[in-house]
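Here is a short note to read alongside the model. Take the points in order and find each residue as you go.

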Amino acid sequence: MFIQIDFESEQALYLQIHHQIVEGIAQGFLKSGDSLPSVRRLAAELEINLQTIAKAYSLLQNEGFIKAHRREGFRVRPHEEMYATAEYHQNLTEALRPLVAEALCRGLSEKDLLSHCQQLFAAFESKEDSP
């Protein structure tokens with residue numbers, strides 16, 4: 001699996017796992033229907049607590065990125081089932097608010113901030129197009 005844990009980071013381990021799996025889906029490394037490692041296997045690979053993996057998977061499941069199957073474990077949800085709800089739009093606004101405020105405080109223009117966003121979008125889209 002492509003997950004790299006930074007034990008020195010201030011970001012919680014379960015969030016590092018969550019973010020990297022979402023990025024893997026966005027970049028096309030993880031495709032609709034792909035299996036994720038079991039909680040036990042991923043915990044062993046990353047050498048972290050089972051509960052940390054379970055918390056990341058639970059968050060991913062609650063957000064609609066993965067589905068749990070009794071016999072098959074966790075799988076990436078089909079992309080057509082992942083859509084932006086009103087709740088997602090609200091959460092997005094709440095997450096972007098401090099980033100935009102900080103960018104303004106640091107002297108970035110709207111154009112600069114949008115340019116950064118466009119570059120990130122392009123990077124994710126180019127990964128999706130790769131074989």
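This is a predicted model: local features need pLDDT of at least 70, side-chain atom pairs count only at pLDDT 80 or more; totals for chains, interfaces and linings use all residues.

1. A term to start with. A pocket here is an open set of grid points where a 1.4 Å probe fits, with protein on both sides within 12 Å along at least five of seven lines.

2. The largest pocket. Its volume is about 1800 Å³. The lining has 35 residues. Of these, V22, F65, Y88, L92 and F121 are the closest to the centre of the pocket. Start with those five when you look for the pocket on screen.

3. The make-up of the lining. Which helices each supply at least two residues of the lining? They are helix 1 (13–26), helix 4 (86–105) and helix 5 (110–129). By residue type, the lining of the largest pocket splits into 21 nonpolar, 8 polar and 6 charged residues.

4. The overall plan. The protein has 5 helices and 2 strands. Read from the N terminus, the order of elements is α-α-α-β-β-α-α. The C-alpha trace spans about 50 × 35 × 30 Å along its principal axes.

5. Burial and contacts overall. The protein has 131 residues, and 22% of them are buried. Now take the contacts with a separation of 6 or more. Residues 24 or more positions apart account for 51% of these.

6. Q16. This residue sits in helix 1. Is Q16 buried or exposed? It is buried, because its relative accessible area is 4% and the cut-off for buried is under 20%. The side chain of Q16 reaches the backbone oxygen of Q11, at 3.1 Å. Leaving out residues up to four places away in sequence, Q16 touches Q4, I5, D6, S9 and Q11.

7. G24. Helix 1 also holds G24. G24 has a relative accessible area of 1%, so it counts as buried. Beyond residues up to four places away in sequence, G24 touches F2, F29 and L30. Compare that with E81, which is 57 residues from G24 along the chain. The C-alpha atoms of G24 and E81 are separated by 17 Å.

8. E47. Look in the loop between helix 2 (39–46) and helix 3 (50–62) to find E47. E47 has a positive phi of about 55°, although it is not a glycine. Its relative accessible area is 70%, so E47 is exposed; the cut-off for exposed is over 50%. How far apart are E47 and I66 in space, C-alpha to C-alpha? The distance is 22 Å, and the two are 19 residues apart in sequence.

9. R77. The loop between strand 2 (73–76) and helix 4 contains R77. R77 is at 18% relative accessibility, so it counts as buried. That value is under the 20% cut-off. A polar atom of the R77 side chain lies 2.9 Å from the backbone oxygen of G64. R77 also touches S32, G64, F65, I66, K67 and M82, not counting residues up to four places away in sequence. F65 in that list is one of the residues closest to the centre of the largest pocket.

10. The cysteines. How many disulfides are there? The count is 0. C105 is in no disulfide, because the nearest cysteine sulfur, that of C117, is 17 Å away, and a disulfide needs two sulfur atoms within 2.5 Å. C117 is likewise in no disulfide, with the sulfur of C105 as its nearest, 17 Å away. C105 counts as exposed, at 73% relative accessibility. C117 is partly exposed, at 35%.

11. To check on screen. Then find the R77 side chain and the backbone oxygen of G64. Last, find C105 and C117, whose sulfur atoms are 17 Å apart.

Key. Residues are numbered from 1 along each chain as its sequence is written. Side-chain values use heavy atoms; hydrogens and water are left out. On a 1 Å grid over the protein atoms alone, a cavity is a set of points where a 1.4 Å probe fits but cannot get out, and a pocket is an open set with protein on both sides within 12 Å along at least five of seven lines; lining residues have an atom within 4 Å of a point. Grid points are joined across faces, edges and corners, and a volume is the space filled by probe spheres set on the points. Helices (H or I, at least four residues) and strands (E, at least two) are DSSP runs, numbered from the N terminus. Ala, Val, Leu, Ile, Met, Phe, Trp, Tyr, Cys and Pro count as nonpolar, Asp, Glu, Lys and Arg as charged, and the others, Gly among them, as polar. Buried means under 20% relative accessible area, exposed over 50%, partly exposed in between (1.4 Å probe, protein chains only). A polar contact is a pair of N or O atoms within 3.5 Å; within protein, one must be able to donate a hydrogen and the other to accept it, and residues adjacent in sequence count only if both atoms are side-chain atoms. Contact means heavy atoms within 4.5 Å.
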